[in-house]
Amino acid sequence: MSTLEDRIAFAHRLPKAELHLHIEGSLEPDLMFRLAQRNKVDIPFGSVEEIRAAYDFSNLQDFLDIYYQGMNVLRTDEDFFDLTMAYLNRVRADNVRHVEIFFDPQGHTERGVQFDTAISGILTAFKLAKAQFGVTTKLIMCFLRHLPEEDAFKTLKQAERWLDHLTGVGLDSSEVGHPPSKFERVFAAARERGLKVVAHAGEEGPPEYVREALDLLKIDRLDHGNRALEDEGLVARLRDEAMTLTVCPLSNQKLCVVDDMGAHPIKRMLDLGLKATVNSDDPAYFGGYVMDNFRAVIEALDLSQDDIRTLARNSIEGSFLSDGEKRAHLSAIDRA
Ligand code: HPA
Ligand code: ZN
């Protein structure tokens, strides 16, 4: 068995994709401060240290309250551009070669920032990052599940003229009490428009929500999915359907979805034949980017080189890249 440092270096070297990243959750405290000043927005923090000290959560809702407050500094397309560029530059250092990014349009439109402002800033950064250092990107817009389905339909309408630039729709925010069934119709409408569909399920919600995401939303990929492990039949189904799970270890630790990293289920998922991947979710809030997440699970669960290679392969196979693009990344992984 190679040393821990060797295995971390191996994980670093492999080409990887990140499939579960909320761009608003990559807003680092220093950029939050700068944007607050630039836009003359009041924030309830006096320093970067005070912001970091506030990031102490005991569940998903604690985090969401601060996450929606933080995004209030994002006002102009330049702000969304700066946010997205900072993230893409950061993950480049982790050898992340492809990213599928979530954004929360309703988190912006409900405070008077136009859908077009947010998406155009993000897409300008995508174009520049591709030209500057070759990273490929896809964009997924999430519906906020604590809001009515009717609002999600309005958001889908605002997205109509951007459909060529959108890969899919997702479902995020407060899970418990807002099951996938609430969004069955709007997901059907998204699928009719040729969009891929993904959903957060089984982060705090029960296995039944994962079943609804499969049966009613007809998801192409499952975000989190931790609690699916409580149901053997569901595990068998996820394995048989080769469903990709976008797992977020440091997020799970910060939001108390797991007791500690030693109890994280990602190794068990791999051993059960599930297509788990490693992702950062909201890196500015949860203490790290993709490689920080790899490091945490490699260390706590003593992952082998084979486990690490499988996780990297799963990230490419579970992406929405074309078969040809996947093959190129997979052969680079196999050569490493
Ligand atoms: N879960 C649900 N909603 C979210 C998350 C998450 O981990 N991050 C940003 N919005
Ligand atoms: Zn998430």
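Colleague: At what angle do helix α8 and helix α9 pack?
Modeller: In this predicted model, α8 spans residues 149–159 and α9 spans residues 184–192. Their axes lie 9 Å apart. The angle at which the two helices pack is about 15°.

Colleague: Which residues of α9 make the contact with α8?
Modeller: On the α8 side, the contact is formed by Glu149, Ala152, Phe153 and Leu156. By class, the contact of the two helices has six nonpolar, no polar and three charged residues. The α9 side contributes Glu184, Arg185, Val186, Ala189 and Ala190.

Colleague: Through which helix does the chain cross from strand β5 to strand β6?
Modeller: Strands β5 (residues 196–201) and β6 (residues 221–224) run parallel and are joined by four bridges. Within this pair, Ala201 stands opposite His224 of β6. The β-α-β crossover from β5 to β6 is right-handed, and the chain makes it through helix α10 (residues 207–215).

Colleague: Which residue of strand β7 is the bridge partner of Asp223?
Modeller: β6 pairs with β7 (residues 244–247) in the parallel sense, over two bridges. The bridge partner of Asp223 in β7 is Thr246.

Note on methods. Residues numbered from 1 in each chain as written. Chains lettered and ligands numbered in written order. Predicted model: local features only at pLDDT ≥ 70, side-chain atom pairs only at ≥ 80, totals over all residues. Heavy atoms only, no water. Axes fitted to C-alpha atoms, helices over the stretch in contact; angles between N-to-C directions. Contact = heavy atoms within 4.5 Å. Nonpolar A, V, L, I, M, F, W, Y, C, P; charged D, E, K, R; others polar. Pairing = 2+ DSSP bridges. Right-handed = clockwise from strand over helix to strand, strands pointing away.
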